[in-house]
Amino acid sequence: MYKIHTVENVVEAKREIEMLTGQGYTKDDIFIFAHDKNRSQHITDGTDTESVGLKEQGVFDAIGNLFQKRGDELRSKMKAVGLNQAEADTYEEELDKGKLVIVASKHGIDHNQGVL
């Protein structure tokens with residue numbers, strides 16, 4: 001089970017994160033995506049949320065992302081936290097428009113089986 005929100009800016013992102021934590025999600029369950037890597041990292045750091053890393057992607061996907069275009073990398077990371085291909089495509093288009101995408105997922109990731 002996961003929730004997805006799109007927001008325009010960091011202020012809205014913080015508001016959504018507060019709402020999600022009030023619903024029982026921890027900050028380790030919340031991922032923020034932005035098209036610009038620097039913006040994404042600053043927002044993740046500033047909101048104390050999680051980055052999509054080896055735990056979510058697995059080693060092979062993480063290495064593969066080093067050689068992908070940013071849009072492909074973002075779709076791969078969104079799929080790693082539970083979105084299907086169509087959802088990842090849709091939300092990557094929102095990122096292209098300058099929006100932020102917040103994904104909250106309480107499911108663990110098993111890279112041999114996918115999202116638990």
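What covers the buried residues of α2? The cover includes two helices, α1 (10-22) and α5 (70-80). It also includes two strands, β2 (30-33) and β3 (100-105). Keep in mind that this is a predicted model.

Now α2 itself, residues 37-47. Its buried residues are Ser40, Ile43, Thr44 and Thr47. Look down the axis of α2: those buried residues fall within an arc of 100 degrees, so they line one face of the helix.

Turn to the face of α2 pointing away from the buried side. There you find the exposed residues Asn38, His42, Asp45 and Gly46.

Take Gly46, which sits in helix α2. Why does Gly46 count as exposed? Its relative accessibility is 52%, and the cut-off for exposed is over 50%. Next, Gly46 against Lys14. In sequence they are 32 residues apart. In space, C-alpha to C-alpha, they are 9.2 Å apart.

Just past α2 comes Asp48, with a positive phi of about 55 degrees.

On to α5, one of the elements covering α2's buried residues. Nine of the eleven residues of α5 are buried, so this helix is largely enclosed by the rest of the structure.

After α5 comes Gly82. Its phi is also positive, near 120 degrees.

Technical notes
Residues numbered from 1 in each chain as written. Predicted model: local features only at pLDDT ≥ 70, side-chain atom pairs only at ≥ 80, totals over all residues. Heavy atoms only, no water. Buried < 20%, exposed > 50% of the residue type's maximum accessible area, 1.4 Å probe, protein only. Helix = DSSP H or I, 4+ residues; strand = E, 2+ residues; numbered from the N terminus. Arc of directions from axis to C-beta. Contact = heavy atoms within 4.5 Å.
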